[in-house]
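I opened my notebook to look up a few things about the strands and helices here.

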Amino acid sequence: MSLNNQKSWKLLLVSLAAAVSFSMLSACNNNNNNVSDDTSKAVASYKGGTITENEFALDQRIMKVLSPEQAQYLEIDEFKESILRQEIAFEYLAGKASDTAKKEAEKEADVQIANFKKGMGDTFDSTLKEQDLKEKDIRTYMVRVLSVYQDMLGKVTDDEVKKQFEATKGDFTVATLRHVLIGFTDANEKERTDEETLKLIKEVKTQLDGGADFAQIAKKYSEDPGSKDAGGEIADKPLGTYVEEFKKAAQTLPLNTISDPVKTSYGYHIIKVESRTEKTFDQLTDDEKEGVKGSIASANLQTFMEKGLEDLDVKINLPKSSAPAADGGTEPTTAPSAEAPAATEAAK
């Protein structure tokens, strides 16, 4: 059972991946590359600045290095515009970040560059060369993004953290549970229809309702590789780590009761919660409090993306591409269990 991807900003930089399907990867303009011989036309303007065609092209090359699986979307006009708007927001917000935030971003960027190079190994230099990039381009990108992160994080008050915890305290409840998953694809990667999947999970429920041992049924039928061999058990996990539908069921299901089928993006589940322990604010770990703080900063950034740009008199002048939008215009989405793009590793 994979965890919910709606992690705090501290882990994934911002939770824009949930609301903007291309996530944070495009968010940063590398304004340090504004050189006097850049005579390319402006593709965007706003109060206080412009973004040139060359600058935007540089960002896109960085994106191809940091998240090659997302590169296919760079030819879709609607995503290019979304990317460019995020870029404007981050250039603007980074310019207003405090000196303290910028210094912290510098230090964190060095750590993340080292981790990124280690992860890429011998391919780091050749990959950058292929995209006509230098290490300083990647660093500039990360510094700008992290400056915004650090600045917004520093503005969150303790009272806001406590208020947010009270509004989401169920996410911090620690539970031990068992579940059986029947997925929308079988062991041979063949897709099942919703009706087929539901029929199979109902057959499992019938056996459980008839008194069958949950652990044995999970070992036999469950398609969740993470818990199958443990008899479907997931022990002592905060409920906020699960996808939304699963979480809600686990929060409200009476203890030691066999649930009705619960549908998530993975398939259908049967759940039995064996224990639940609520937490108070004082019982939160420092990391958990930082997670709450990060989620507030993420929400504040999302609000700026949705509303704050309206005050900047943004004008977009992107040339049209020939690539159609995916699936006849629908937005491409990330697989339910996928992590956010590589650029977001900057906040881990």
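I began with helix α3 (residues 77-95), which lies across β1, β2 and β7 and runs at about 50° to β1. I noted that this is a predicted model, where local features need pLDDT of at least 70, side-chain atom pairs count only at pLDDT 80 or more, and totals for chains, interfaces and linings use all residues. Residues are numbered from 1 along each chain as its sequence is written, and side-chain values use heavy atoms, with hydrogens and water left out.

My terms: helices (H or I, at least four residues) and strands (E, at least two) are DSSP runs numbered from the N terminus. Axes are lines fitted to C-alpha atoms, for helices over the stretch in contact (heavy atoms within 4.5 Å), and angles between N-to-C directions run from 0 to 180 degrees.

Next I looked up the sheet: three strands in the order β2-β1-β7 form an open, antiparallel one (strands pair if DSSP finds at least two bridges between them). Its edge strands, β2 (49-52) and β7 (315-316), each pair on one side only. I also found helix α2 (residues 53-66) packing on this sheet, where α2 touches β1 and β2 and its direction makes about 65° with that of β2.

Then I turned to strand β3 (residues 174-183). Is β3 mostly covered or uncovered? Covered: ten of its ten residues are buried (under 20% relative accessible area, 1.4 Å probe, protein chains only; exposed is over 50%, partly exposed in between).

I traced its antiparallel partners too: four bridges join β3 to β4 (residues 233-238), and ten join β3 to β6 (residues 267-277). A175 stands opposite K237 in β4 and opposite R276 in β6.
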